[in-house]
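Have the sequence and the 3D view ready.

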Amino acid sequence: MASIAEYYAGKNVLITGATGFMGKVLVEKLLRSCPEVKALYLLVRPKAGQSMQQRVSDMMTCKLFDRVREDNPDFHQKIIPISSELTQPGLAISPEDVEKLTGCIDIVFHCAATIRFDEPLKHALQLNVIATQQLLSLAKQMHHLEAFIHISTAYANCNRKHIDEVIYPPPVEPKKLIESLEWMDDGIVRDITPRLIGDRPNTYTYTKALAEFVVQQEQDKLNIAIIRPSIVGASWQEPFPGWIDNFNGPSGVFIAAGKGILRTMRANNDAVADLIPVDVVINLTLSAGWYTAVHKPKSALVYNCTTGGINPFHWGEIGRYTHHVMSSFKRNPLEQAFRRPNANITSNYLINQYWILVSHKFPALIYDLFLRLSGQKPQMMRIFNRLHKAISLLEYFSSQDWEWNSENLNMLMSQLTPEDRKTFNFDVRQLNWPEYIENYCIGTKKYVLNEDMSDIPAARQHLRKLRNIRYTFNTLLVVFIWRVFIARSQMARNIWYFVVSLCFKFLSYFRASSTLTN
């Protein structure tokens, strides 16, 4: 049987969502580990005044592709961008491009989706469900297609506590929902969305569950696999540790904590934070593509790509329990931190609200007042409001646990040769969490915030300055409060005079001892 790299040799691959976080890593891994792949066709839309060619060119200059660039400086010749728009009929692919794709594509990786939790239902349905339907229609026209790999999410069925590697019945028939929403204006859809999504927390998980059902409907006509990653984080090993390029999910939380902005978060300290490194997801995806094309399973196989049941990491390990994130940012601090890193994670609503008031809103008001007085535009309260909104969207996932079955994942691992297990490693039992979190935090500093590691001594000095300011402020606050008590209480005055006289006697004794010694 051909190895994974040998299978992809000479193949034409179609990738959606290639300019996104996971898509970039997928493109890089294919080019680096499967160097004989024939061509990668990327569905890309023009965005923010950039043409699709400009977007792809910018992507290929990214540091992520440095290793590929060293091995093959002309790797860009294998990249073929195809103009597309997921919100348009037929994905807005020109007839010429449709003819080209249907005539040459061997395997499809569907990574494109909206991952915003608060996306309006109509838009989430268009991007996650209708676009998937249209891509499947295109795939059925492809003469040489061997596999269709769909990237879903482990939380598509988060209304269940135990999640097997099966496609569950959808909450509603997708076709009927799409037809019903067509005639409704956005206001009506917004009003009925909570009733529609039911016991799911947001439109993202709801529409991804519908998309899985849509994909399953084509399993008699196409060789299909579905990958369900949990919370996708920075790279573990490839192409280098800690690569991340966005503020989504844990990255934003880590950065806010490292900057000293986030001081409290509502989560269950003992609940599993089911992080999965992006390179693990991509290695599994490529392996599943190989297995699906070679073995042609009779029905769509689902792969739960999670860490919680195999090698768990808990929310409490971010904050004060074992300090993985906090200690990392104290060793490698972010530049111009607002305060020293120190986050408190609690499951108690009232305690969390207290810390939000004391550690978030009160300091934000003081800082904004300072900015106003100095003639600058206030901004800190706006930043905290955005942070609170983002954290509230995560609370559903940070306060409970799920159990994911991983039989198909284990089966796939057993099918790989020893060499392929190394090249396309998705065995998270080998993952060392303290080392991974350290690299993750450094990755947010280097690749998201674009900070230079050579500036760490200055950043540490800034943290020391913040520490001294905090100690001074706390001392003055204690003295001020104590003086208020002294003015009102004879007992407080007596204690104050006793402490002062004791300190004076100690200083006198210390001075006398020094004189005698000399």
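Predicted model: local features only at pLDDT ≥ 70, side-chain atom pairs only at ≥ 80, totals over all residues.

**A pocket to explore**

Let's begin with the second largest pocket, which has a volume of about 920 Å³. Its lining is made up of 24 residues. If you want to find the middle of the pocket, look for Phe-338, Arg-339, Pro-363, Arg-470 and Phe-473, the lining residues that lie nearest its centre.

Which helices each supply at least two residues of this lining? They are α13 (349-373) and α18 (456-488). The largest share comes from α13, with eight residues. Sorted by class, the lining of the second largest pocket has 13 nonpolar residues, six polar ones and five charged ones.

**Rings that pair up**

Now for the aromatic rings. A pair of them is described by the distance of the centres and the angle of the planes. The count for this model comes to 23 aromatic pairs. One of them joins Tyr-155 and Phe-397, and this pair is edge-to-face, with 5.0 Å from centre to centre and 75 degrees between the planes. The two partners come from distant parts of the chain, 242 residues apart: Tyr-155 is in the loop between β5 (147-151) and β6 (162-163), while Phe-397 belongs to helix α14 (residues 380-398).

Another pair is Phe-313 with Trp-433. Their ring centres are 4.9 Å apart and their planes are at 25 degrees, so this pair is stacked. Phe-313 lies in the loop between β11 (301-305) and α12 (324-331), and Trp-433 is in helix α17 (residues 433-448), so the pair ties together parts that are 120 residues apart in sequence. Both Phe-313 and Trp-433 are buried.

Tyr-155 and Phe-397 also turn up in a cluster linked by ring pairs, along with Phe-117, Tyr-204, Tyr-396, Trp-402 and Trp-404.

**Charges over rings**

| Lysine | Ring below | Distance from ring centre |
|---|---|---|
| Lys-11 | Tyr-7 | 4.4 Å |
| Lys-29 | Phe-424 | 4.8 Å |

Lys-11 lies over the face of Tyr-7, and Lys-29 has its charged end over the ring of Phe-424.

Methods
Residues numbered from 1 in each chain as written. Heavy atoms only, no water. 1 Å grid on protein atoms, 1.4 Å probe; cavity = no way out; pocket = protein on both sides within 12 Å on 5 of 7 lines; lining within 4 Å. Points joined across faces, edges and corners; volume = space filled by probe spheres on them. Helix = DSSP H or I, 4+ residues; strand = E, 2+ residues; numbered from the N terminus. Nonpolar A, V, L, I, M, F, W, Y, C, P; charged D, E, K, R; others polar. Phe/Tyr/Trp six-rings, centres within 6.5 Å; stacked < 30°, edge-to-face > 60°. Buried < 20%, exposed > 50% of the residue type's maximum accessible area, 1.4 Å probe, protein only. Lys NZ or Arg CZ within 6 Å of the ring centre and 35° of its normal.
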